[in-house]
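I opened the notebook to record what I looked up in this structure, entry by entry. The entries follow the order in which I went through it.

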Amino acid sequence: MSEEKDLQQLKKEAAERAKQLARERLAAKQAAEQAEQPSDDAKKDVTEEKTEPSADDIALAKKKAAEAARAKAAELRKQKEAAAGKKDAAEAEDDIALAKKKAAEAARAKAAELRKQKEAAAGNQAVEAEDDIALAKKKAAAAAKAKAAALAKQKAKEKADGETDDELAKQKAIAAAKAKAAAAAKAKAAALAKQQAGAEASADSDDELAKAKAKAVAAAKAKAAAAAKAKAAGASGKTPSQQEKTPSPNQPLLDKYVKVIREHLGEDVLEDAYINRLAKDVPTLVAKKETYYKIAEFLKYNEQLGFDYLSELHGTDFQTHMEVYVHLYSYKNRQAVALKVKIDRDQPEIDSLVPLWQGANWPECEAYDLLGIRFKGHPNLTRILLGENWVGYPLRKDYEPYDVEV
């Protein structure tokens, strides 16, 4: 509405200016005519005729005024629109600036909040770390104290044990001395009794003791043989008589070994020869104590035999005697043989096979360590498991620990 009013006002003003312009033109024209000095009557007629502007002039003036009004209205409109656009743009820019400012402030506030949270978290972590360190230090101190206490207890216990061991050793020594003294007294008393009984009674008693020992040895041998036969029968599921009737696939090898040995060394060098049914039918040669080394040497160097590898050597306590078992193998003939020898249990001693097979070194030391068997000619016969100070031989049937409590 305000624009329409302005437009009407502009039209009116334009019409007034057009009229004013027409009057001015008319006045100018009259002045020009007067300058030509017309007559008074003519001047009067012209003045009368030209007092009022013509309709064409008025229409033209109106048209021009309307165009000028329209142009001015359009200009005003453009100015208003430009002003409104500038205002909107300015407002938009202000809004954008305000939004940016608010966003920046919000971002700064959020960053500050995050910084505070991080600082708080870092503070909490630092506190937790300090707590963990303090706890670890406390635990380490407690562990150190406990360890120190344990060491102190251990030292005290070792000291007490040492004192106890010394006391026990003294008591044992005293007891041993007493036992020896008692045994010596008994022996002395027995000797006196024997002397009083006379030489004849003493001889009879010795004969009876020897006979009793011989009977006991024979009974033990018979019992061991019966047990071996029973084991062999149980392993094969056959009776001893059936096993003897069934020929072994290695019997020809045993016959060959026995024949070659007897041809070269003599008929009486072997105590026995048999097939060991309990050890995969291995041919087994039982040598006499004095021919043990000679047979072993022959088994290695004879061209027909050539047993160049010693795979096993061990000793066994049979209570009545001891036995050394040797297992040999020939890589050339792909054949095996076992060599055994029986030795006295009270003085177990036999020749060493180390000069023939270096593989016998360690097993002979082991047999010496655990059974007390001595091997003559061994380069370094020592106890390899228990040490030289160990009392007794653990694989003997009558072994009793020196210190039972330990």
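Predicted model: local features only at pLDDT ≥ 70, side-chain atom pairs only at ≥ 80, totals over all residues.

**Entry: helix 6 and helix 7.** The axes of helix 6 and helix 7 come within 11 Å and cross at roughly 115°. I noted the crossing of helix 6 and helix 7 as right-handed. On the helix 6 side the contact is made by V260, I261, H264 and L265, and on the helix 7 side by K294, I295, F298 and L299. I sorted the residues of this contact by kind and got six nonpolar, one polar and one charged.

**Entry: the chain as a whole.** I then stepped back to the protein chain. Its secondary structure comes to eight helices and seven strands. Of the 406 residues in the chain, 20% are buried. I also looked at contacts between residues at least 6 apart in sequence, and 55% of these join residues at least 24 apart.

**Entry: the largest nonpolar core.** Which residues touch the most other members of the largest nonpolar core? I found L285, Y292, L299, V324, V326, L339 and L353, in a core of 37 residues. At least two residues of this core come from each of helix 6, strand 1 (270–276), strand 2 (282–287), helix 7 (292–301), strand 3 (309–317), strand 4, strand 5 (335–343) and helix 8 (361–371). I picked Y292 from the list and looked up its contacts. Beyond its neighbours within four places in sequence, Y292 is in contact with A287, V324, V326, L339, V341, I350, D351 and L353.

**Entry: Y257.** I went back to helix 6 (residues 251–265), where Y257 sits. Is Y257 buried or exposed? Its relative accessible area is 0%, so I put Y257 down as buried. Setting aside residues up to four places away in sequence, I list P283, L285, L305, F307, Q335, A336 and V337 as touching Y257. With Q335 there is also a polar contact of 3.0 Å between the side chains.

**Entry: H327.** H327 belongs to strand 4 (residues 322–330). I have H327 as buried because its relative accessible area is 19%, and the cut-off for buried is under 20%. The side chain of H327 makes a polar contact of 2.9 Å with the side chain of S311. Not counting residues up to four places away in sequence, H327 touches V282, Y309, L310, S311, E312, A336 and V337. Reading this beside the previous entry, I see A336 and V337 on the list for Y257 and on the list for H327.

**Entry: D317.** I moved to strand 3, which holds D317. D317 has a relative accessible area of 2% and is therefore buried. What does the side chain of D317 reach at 2.8 Å? I found the backbone nitrogen of K397 there. A polar atom of the D317 side chain also lies 2.9 Å from the backbone nitrogen of Q319. D317 and K397 are 80 residues apart in sequence, while their C-alpha atoms are 6.7 Å apart. Residues up to four places away left out, D317 touches M322, R345, L371, L395, R396 and K397.

**Entry: helix 8.** How many of the 11 residues of helix 8 are buried? I count eight, and the helix is mostly covered. The buried ones are P363, E364, C365, A367, Y368, D369, L370 and L371. They pack against strand 3, strand 4 and strand 7 (374–376). Just after helix 8 I noted G372, with a positive phi of about 85°.

**Entry: the loop between strand 1 and strand 2.** I ended with two residues of this loop, K280 and D281. Neither is glycine, yet phi is positive in each: near 60° for K280 and near 55° for D281.

Terms used
Residues numbered from 1 in each chain as written. Heavy atoms only, no water. Helix = DSSP H or I, 4+ residues; strand = E, 2+ residues; numbered from the N terminus. Buried < 20%, exposed > 50% of the residue type's maximum accessible area, 1.4 Å probe, protein only. Polar contact = N/O pair within 3.5 Å; in protein donor to acceptor, adjacent residues only side chain to side chain. Contact = heavy atoms within 4.5 Å. Core = buried A, V, L, I, M, F, W, Y, C linked by side-chain atoms within 4.5 Å. Axes fitted to C-alpha atoms, helices over the stretch in contact; angles between N-to-C directions. Left-handed = near helix turned anticlockwise from the far one by under 90°. Nonpolar A, V, L, I, M, F, W, Y, C, P; charged D, E, K, R; others polar.
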